[in-house]
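Thanks for coming. I have one structure to go through, so please look at it first.

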Amino acid sequence: MFQLLLRDRVHNFIRGRLGDDGFRARSAERDAETDLARVGSIVTAIETALHAAESEQSGLSRRVDDVLARAAVTFGNGTDEYLERDALDNHHQDLFGAEILNGQRRLKELATEISHFRFMKAALLSRFPDYKTPVT
C-alpha cells in the first residue's frame with residue numbers, strides 16, 4: 001500500500017516537472033524541413049567546393065596560356081635557334097617548361113576533381129529527389 005502511494009507521488013512529481021503533455025513528436029512538416037536543411041547544407045558544401053575548383057581552373061588556364069605565349073616568344077623561329085640560343089634564353093625556356101608542366105598537371109587534377117564534385121552532387125540529388133536546389 002505504501003509503495004502504491006509512493007509511486008503515485010513520484011509520478012505526480014515527474015508530471016509536474018515535465019508538464020502534463022507527456023511525450024510529443026514534431027510534426028511531419030517540421031521533420032521534412034529539418035531533413036531538407038541537412039541535405040541543403042551538403043549540397044551547399046559541394047557547390048562551394050565545385051565553384052572554388054572551377055575558379056582555380058579558369059585562372060590557372062589563363063596563366064598557363066600566358067606562359068606558353070611567353071615561351072613561344074623566347075623560343076625564336078629559326079630552324080637552328082636551339083644551336084645558337086643564349087644561355088639566359090635556355091634558362092628561361094627551362095623555367096617556362098617547368099611552369100607549363102606544373103600548370104598542366106594541376107589542370108588535369110582540377111578537371112578530375114571537378115568531375116568528382118559534379119558526380120557527388122548528382123548522386124546526392126538522385127538520392128533526395130524532394131530536394132530542390134534554390135535558384136540563384
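This is a predicted model: local features need pLDDT of at least 70, side-chain atom pairs count only at pLDDT 80 or more; totals for chains, interfaces and linings use all residues.

Residues are numbered from 1 along each chain as its sequence is written, and side-chain values use heavy atoms, with hydrogens and water left out.

The protein has four helices and zero strands, where helices (H or I, at least four residues) and strands (E, at least two) are DSSP runs numbered from the N terminus. Of its 136 residues, 16% are buried, meaning under 20% relative accessible area, with exposed over 50% and partly exposed in between (1.4 Å probe, protein chains only).

Now the inside. Which residues make up the largest nonpolar core? They are Leu 50, Ala 53, Leu 60, Val 64, Leu 107, Leu 110, Ile 114 and Phe 117. Helix H2 (28-75) and helix H4 (87-127) are the elements that give two or more residues to this core. A nonpolar core here is a set of buried Ala, Val, Leu, Ile, Met, Phe, Trp, Tyr and Cys residues joined through side-chain atoms within 4.5 Å. A second, separate core has five residues, among them Val 39, Val 43, Leu 124 and Tyr 131.

Leaving aside neighbours within four places in sequence, Phe 117 is in contact (heavy atoms within 4.5 Å) with Ile 46, Ala 49, Leu 50 and Ala 53.

Last, Ile 14. Its place is in helix H1 (residues 2-18), and it counts as partly exposed because its relative accessibility is 41%.
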